[in-house]
Amino acid sequence: MDVATSWSRGRLLFRDTPLDEAVHEINRYARIPVVLAEPGLSTLRISGNFQANDSDTTVAAFASILPIRTVREKDRILILERTRMR
């Protein structure tokens, strides 16, 4: 129930949610759209409680948990695969 109603408290609550679903949910409330730039990342899973209207902070938190990196452009935030060290 908490997951379904978290938006009413200004929060997004994810529990083992595929990244593409989480991005879709973020974009319902975001002023700046988030784009999953690499389809292979869609199956990564995320859990946590995030601010609904702050996509910058939310995707930064995602990047601290998942093997992704983010690029902030003028009109969107891209989620990309984290570059591996060689």
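Reader: How many salt bridges does the structure hold?

Author: This predicted model holds four salt bridges, among them the pair formed by E25 and R28.

Reader: What makes the pair E25 and R28 a salt bridge?

Author: The closest N and O atoms of E25 and R28 are 3.1 Å apart, and because a side-chain nitrogen of Arg within 4 Å of a carboxyl oxygen of Glu is what the term requires, the pair qualifies as a salt bridge. Both residues lie in helix α2, three residues apart, which is about one turn of the helix.

Reader: Why is the link between the side chains of E25 and R28 also called a polar contact?

Author: The side chains of E25 and R28 are joined at 3.1 Å, and since the cut-off for a pair of N or O atoms is 3.5 Å, the link counts as a polar contact as well. Leaving aside neighbours within four places in sequence, E25 is also in contact with L12 and F14.

Reader: Why is R28 called exposed?

Author: The relative accessible area of R28 is 53%, and because exposed means over 50%, R28 falls in that class.

Reader: Why are D56 and R72 called partly exposed?

Author: D56 has a relative accessible area of 33% and R72 one of 43%; because buried means under 20% and exposed over 50%, D56 is placed in between, and so is R72.

Reader: How do you know that R76 forms a salt bridge with E73?

Author: For R76 and E73 the closest N and O atoms are 2.6 Å apart, a value that meets the cut-off of 4 Å. R76, at 32%, and E73, at 30%, are both partly exposed, because these values fall between the limits of 20% and 50%.

Reader: Why does D16 count as partly exposed, and what does D16 touch?

Author: The relative accessibility of D16 is 45%, so D16 counts as partly exposed. D16 lies in strand β1 (residues 11-18) and, not counting residues up to four places away in sequence, touches R45, I46 and S47.

Key:
Residues numbered from 1 in each chain as written. Predicted model: local features only at pLDDT ≥ 70, side-chain atom pairs only at ≥ 80, totals over all residues. Heavy atoms only, no water. Helix = DSSP H or I, 4+ residues; strand = E, 2+ residues; numbered from the N terminus. Buried < 20%, exposed > 50% of the residue type's maximum accessible area, 1.4 Å probe, protein only. Contact = heavy atoms within 4.5 Å. Polar contact = N/O pair within 3.5 Å; in protein donor to acceptor, adjacent residues only side chain to side chain.
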